[in-house]
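Here is a short note for a colleague opening this structure for the first time. Please read the points with the model in view.

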Amino acid sequence: MIPPRISGGDALVRALVAHGTELVFGIPGTHNLGVYRALAEQGVKHVTSRHEQGAGFAADGYARVTGKPGICLTTSGPAVLNAMTAVTQSYSDSVPVLLISPGMPLHHPGRGNGTLHEVRHQSAALEAAIGYSIRVHSVAEIPLAVAQAFAHMTSGRPRPAHLEIPLDLIDTVDRVSDVPPVLVAHPPADAVTVAAAVRRLNSAERPGFIVGGGAKGAAEELTTLAERLGAPVVSTANGKGTFSERHPLSIGAGLHLKAVADFVAECDVVVATGTELASTDLWHGPLKFAGDLIRIDVDPAQMITNALPDYRLVGDAQATVAALNQRLGNGKPGEEAAQRAERWQRLFRKHARAQGAAWLPLVETVQDVLAPGAIIAGDSAMACYYGTLSNLLLERPASFLYPTGFGSLGYGLPAAIGAKLGSPDRQVVALHGDGGVMFTLPELTTAAQERLALPVIVCDNGGYGEIRREMVERGDPVHGVNLPGVDFAKVAKALNCHGVTVSTQDKLATALRKAFTADRPTVIHVVGDLAGS
């Protein structure tokens with residue numbers, strides 16, 4: 001059969017649809033109009049962000065809650081570079097996001113000639129940041145490049161990808177053959193290593209688990225394994241909710257607290273699944289594993305990074321933990337195991353409450369209002385990493401969306417938009433500080449346009465509170481961190497959202513309940529002691 005003659009834009013959108021794409025975040029521009037025509041003609045939903053960084057963060061939030069690659073479409077030059085921060089955050093947190101952009105024409109002069117949006121080595125810049133960028137050289141190559149990018153994003157460790165299409169190819173017509181999606185296997189670790197790990201677990205007297213973001217597909221299997229071993233579980237920021245924090249064996253989320261270091265040192269075996277064990281989780285230095293470390297990770301290089309395990313289980317988390325369950329003995333943990341978990345849980349929560357004391361009234365109010373399965377999309381803000389991370393209980397995977405590794409500001413609001421569009425039946429809350437929210441505040445109009453019932457909590461401590469704290473701690477002058485007050489409720493209304501200012505727990509609870517059933521987003525501007533200021 002002779003392939004049809006179609007444009008590059010049509011070839012791109014057909015390939016995306018073949019790979020299950022239903023939603024694209026982006027902004028149209030002069031160089032990508034042929035793609036937008038194809039999106040409209042092929043019925044793919046498009047959400048217009050107000051900044052390309054917002055589009056990238058929204059695609060990231062969508063990918064985290066759905067498990068499917070998020071799609072971000074920009075024009076060339078400044079647009080793709082605006083999105084670069086977002087996809088680098090996705091790279092840091094192992095999130096599959098496909099950034100698609102035009103590039104300079106196929107035969108563009110190597111030294112440039114002043115073409116609109118011209119960037120020297122645009123694809124090379126993305127390759128340097130996220131490790132994968134492909135520039136196609138013909139219309140016929142586009143479906144192959146899409147299939148290759150999806151295979152990259154969905155095999156092994158999830159990572160973002162960049163696809164660059166020379167702008168003159170988008171409207172060029174040629175014969176194009178479809179390339180079906182690659183079926184990706186997710187095998188367990190090798191049987192010999194699994195068997196060795198099972199023998200060690202069967203002899204464990206004080207086992208413990210660390211659950212990271214790479215384990216979210218193995219929630220059920222990890223719960224079964226922990227229950228059979230009577231092993232207490234602690235989660236990283238990106239693993240929060242994978243093991244329900246309401247489970248009796250859950251110690252809590254956040255590896256930075258002293259209780260976690262003490263717990264790990266007490267264990268004779270620790271099973272660490274899908275975690276980098278990186279300094280972004282371990283604020284006060286690496287954990288000291290007094291006993292054996294069993295590490296489960298799909299990435300062979302990560303397996304030996306930050307800690308050298310005694311047992312190296314390289315494989316898919318879900319398949320590998322299922323294999324451990326299949327081979328494990330039938331012994332049942334006694335009452336002593338439950339008492340051990342309770343003891344560590346009490347110590348963890350004592351430390352968490354002490355560190356997050358300033359934000360406990362806010363966190364406890366939010367906790368009372370949230371329904372099971374709710375999602376918190378947090379920014380790199382004190383209310384998130386001191387208050388919410390270790391004090392608010394969540395019980396489902398992908399419930400805490402947080403920019404852990406790269407630490408971008410402005411993440412929460414656009415990520416919440418992506419999460420709400422990806423999981424419309426779940427409650428979603430965006431949680432920001434007054435400094436960070438300004439990075440992506442225009443995305444309120446995106447959420448308003450989509451009529452999302454989305455609470456956006458802004459904790460106002462008068463500027464960049466964490467940096468202010470660090471300046472004081474160093475004995476430096478407090479400089480450049482105090483920001484003039486903004487009436488976020490008025491700003492919200494000007495951007496076609498609801499807005500309210502609250503300073504008490506009762507008013508915050510009332511505002512949250514109303515926001516979950518509203519006809520558009522609601523900005524809840526939290527001031528005074530309730531904001532932790």
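1. A cut-off comes first. A residue counts as buried when its relative accessible area is under 20%, and as exposed when that area is over 50%; anything in between is partly exposed. By that rule Tyr386, at 12% relative accessibility, is buried. Keep in mind that this is a predicted model.

2. Overall size. The protein chain has 533 residues and a radius of gyration of 24 Å, which agrees with the value near 24 Å for a compact globule of that length. Along the principal axes, its C-alpha atoms fill a box of roughly 70 × 60 × 45 Å.

3. Fold content. The protein chain holds 19 helices and 20 strands. Take the contacts between residues at least 6 apart in sequence: 74% of them join residues at least 24 apart.

4. Burial and surface. Of the 533 residues, 59% are buried. The accessible surface of the protein chain is about 20900 Å². Carbon and sulfur atoms account for 54% of that surface.

5. Charges. The protein chain carries 45 positive and 50 negative charges. How far apart are the mean positions of the positive and negative charges? They are 2 Å apart.

6. Aromatic pairs. The whole structure contains 8 of them. One is formed by Phe57 and Tyr411, with an edge-to-face arrangement. Phe57 belongs to helix H3 (residues 52-66), while Tyr411 sits in the loop between strand S16 (400-401) and helix H15 (412-422), so the pair ties together parts 354 residues apart in sequence.

7. A second pair. Trp283 and Tyr386 are also edge-to-face, at 5.9 Å centre to centre and 75° between the planes. Trp283 lies in the loop between strand S12 (269-273) and strand S13 (292-297), and Tyr386 lies in helix H14 (residues 382-391); the pair therefore ties together parts 103 residues apart in sequence. Trp283 is partly exposed, with a relative accessible area of 32%. Tyr386, by contrast, counts as buried at 12%.

8. The cluster. Which residues do ring pairs link into a cluster? They are Trp283, Trp359, Tyr385 and Tyr386. Please look at this group in the model.

Conventions:
Residues are numbered from 1 along each chain as its sequence is written. This is a predicted model: local features need pLDDT of at least 70, side-chain atom pairs count only at pLDDT 80 or more; totals for chains, interfaces and linings use all residues. Side-chain values use heavy atoms; hydrogens and water are left out. Helices (H or I, at least four residues) and strands (E, at least two) are DSSP runs, numbered from the N terminus. The radius of gyration is taken over C-alpha atoms; the globule rule is 2.2 Å times the number of residues to the power 0.38. Buried means under 20% relative accessible area, exposed over 50%, partly exposed in between (1.4 Å probe, protein chains only). Contact means heavy atoms within 4.5 Å. Accessible areas come from the Shrake-Rupley method with a 1.4 Å probe; for residues, only the protein chains shown count as cover. Lys and Arg count as positive and Asp and Glu as negative; His and the chain ends are not counted. The place of a charge is taken as NZ of Lys, CZ of Arg, CG of Asp or CD of Glu. Rings of Phe, Tyr and Trp (its six-membered ring) pair if their centres lie within 6.5 Å; planes under 30 degrees apart count as stacked, over 60 as edge-to-face and the rest as tilted.
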